[in-house]
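This briefing walks through a few parts of one structure for a reader who has not seen it before. Please keep the sequence and the structure open while reading.

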Amino acid sequence: IMGCAMRANETVTFCRLKQGLILFPGCDYAGHVTVADIGIPDTALPLKDASRFMLEPGDLPQLLPKRMSRSHKGLYGRLLSVSGSASMPGAAVLSGRSAYKMGTGLVDIAVPEAAKTVLQTSLPEAVTTPYQPGEVQWIAEKAGMATAVLAGPGLGTESYVEAMLDELLTNTPARIPMVLDADALNMAARRPSLAKKIAQRGHTIVTPHMGEAARLLGVPVRKVMERPIEAAKEIAAAYQSVVVLKDAMTLVCEPGGLLFFNSTGNNGMSTAGSGDVLAGMIAGLCAEGMEVFPAAYTGVYLHGAAGDLAKEEKGLYGMVASDIVNHIHLEKIQERIAKPL
């Protein structure tokens, strides 16, 4: 908002969407936005060289991993998820189930022994790798078998977590995509040695919300909220990772500066566990063979779309993270998302 602005019911903009109409607080003033074609060709240099984009429904069939007629679970990846704790076992369940709902062939979830029963009861499809806090000898073998790794949801920040993350970063081959969420990011913000290893490995996605992003950058949350594009770019550059900066308008940025704006989702998704669902969805796509940047922005788009479908059944006030998981149905999302949500 530059000075004073009118709160409009309808805004008509020409040629392309403008970022001020989709980022806060501008989008609150824009109302319903219509993009009008006034004859500017796609070959015009500012459009041809554009580095900021949004997905459209027609993009999904080309992006999603293909399913084979003669098929088995080994074709669709093996995800190692290091998540959950005695006090937050549900994070491991939500992220693991979300990965399965994206089509991942096998999800191996490493949890503390104290969380094993909850996981096995709630998600019998998962392979369970229980460990005692402080044990790390299992990591090298499990990381070597995976086609993608997820770490962080519900992990906690106890002292043993740092050693476990260090071992995971050391023993996961650089070619294997890694998604770092929640407490993995909180630990990296406190431990420069972990942050350095993240930046060195490549093929990594970090998924901070505004508070976690502020801790990664060492700045107040207010500064991140006021300048989300700059914050996303700074984290991407500092950690040499794809960044999913979670907000009402989630941004996905890669170290080279390409930027994705999300167009799906609603405020009913502002509920505990929603981020765990997103982390599992993105990690599942990585496990199935997608490159990290497309996996990140496709996962964000589908996560919001599943939330939009959940809103129709549960409403904004009644939605919980499990409702989002239950509406991860990729065929229905593709069918429904072609219509206004």
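In strand β5 (residues 106-112), the side of L106, D108, A110 and P112 and the opposite side of V107, I109 and V111 are both buried. Buried means under 20% relative accessible area, exposed means over 50%, and partly exposed lies in between (1.4 Å probe, protein chains only). The model is predicted: local features need pLDDT of at least 70, side-chain atom pairs count only at pLDDT 80 or more, and totals for chains, interfaces and linings use all residues. Residues are numbered from 1 along each chain as its sequence is written, and side-chain values use heavy atoms, with hydrogens and water left out.

**Strand β5 and its neighbours**

- Of the 7 residues in β5, 7 are buried, and the strand is mostly covered. Strands (E, at least two residues) and helices (H or I, at least four) are DSSP runs, numbered from the N terminus.
- With strand β4 (residues 78-82), β5 forms a parallel pairing over 5 bridges; two strands pair if DSSP finds at least two bridges between them.
- In this pairing, L106 of β5 has R78 opposite.
- Helix α4 (residues 89-101) carries the chain from β4 to β5 in a right-handed β-α-β crossover. Right-handed means that, with the strands pointing away from the viewer, the path from the first strand over the helix to the second runs clockwise.
- β5 also pairs in the parallel sense with strand β6 (residues 127-131), over 5 bridges, and there I109 stands opposite T128.
- From β5 the chain reaches β6 through helix α5 (residues 116-122), and this β-α-β crossover is right-handed.

**The cavity**

- The whole structure holds 1 cavity of 30 Å³ or more. On a 1 Å grid over the protein atoms alone, a cavity is a set of points where a 1.4 Å probe fits but cannot get out, while a pocket is an open set with protein on both sides within 12 Å along at least five of seven lines; lining residues have an atom within 4 Å of a point.
- The largest cavity has a volume of about 50 Å³. Grid points are joined across faces, edges and corners, and a volume is the space filled by probe spheres set on the points.
- Its lining consists of L165, L168, L169, L180, A184, A188, L194 and I198.
- Two or more lining residues come from each of α7 (159-171), α8 (183-190) and α9 (192-201), and α7 gives the most, with 3 residues.
- By class, the lining of the largest cavity has 8 nonpolar, no polar and no charged residues. Ala, Val, Leu, Ile, Met, Phe, Trp, Tyr, Cys and Pro count as nonpolar, Asp, Glu, Lys and Arg as charged, and the others, Gly among them, as polar.

**The second largest pocket**

- The second largest pocket has a volume of about 290 Å³.
- Its lining has 14 residues, with L64, P65, R67, L330 and E331 nearest the centre.
- Helix α16 (residues 330-337) gives the most to this lining, with 3 residues.
- The lining of this pocket divides into 6 nonpolar, 3 polar and 5 charged residues.

**Backbone exceptions**

- Most residues other than glycine have a negative phi, and most peptide bonds are trans.
- The peptide bond from F24 to P25 is cis, with omega near 5 degrees; P25 is in the loop between β1 (10-14) and α1 (26-30).
- A182, in the loop between β8 (178-181) and α8, has a positive phi near 50 degrees. At 14% relative accessibility, A182 counts as buried.
- Q240, in the loop between α12 (228-239) and β10 (242-245), has a positive phi of about 45 degrees. With a relative accessible area of 41%, Q240 is partly exposed.
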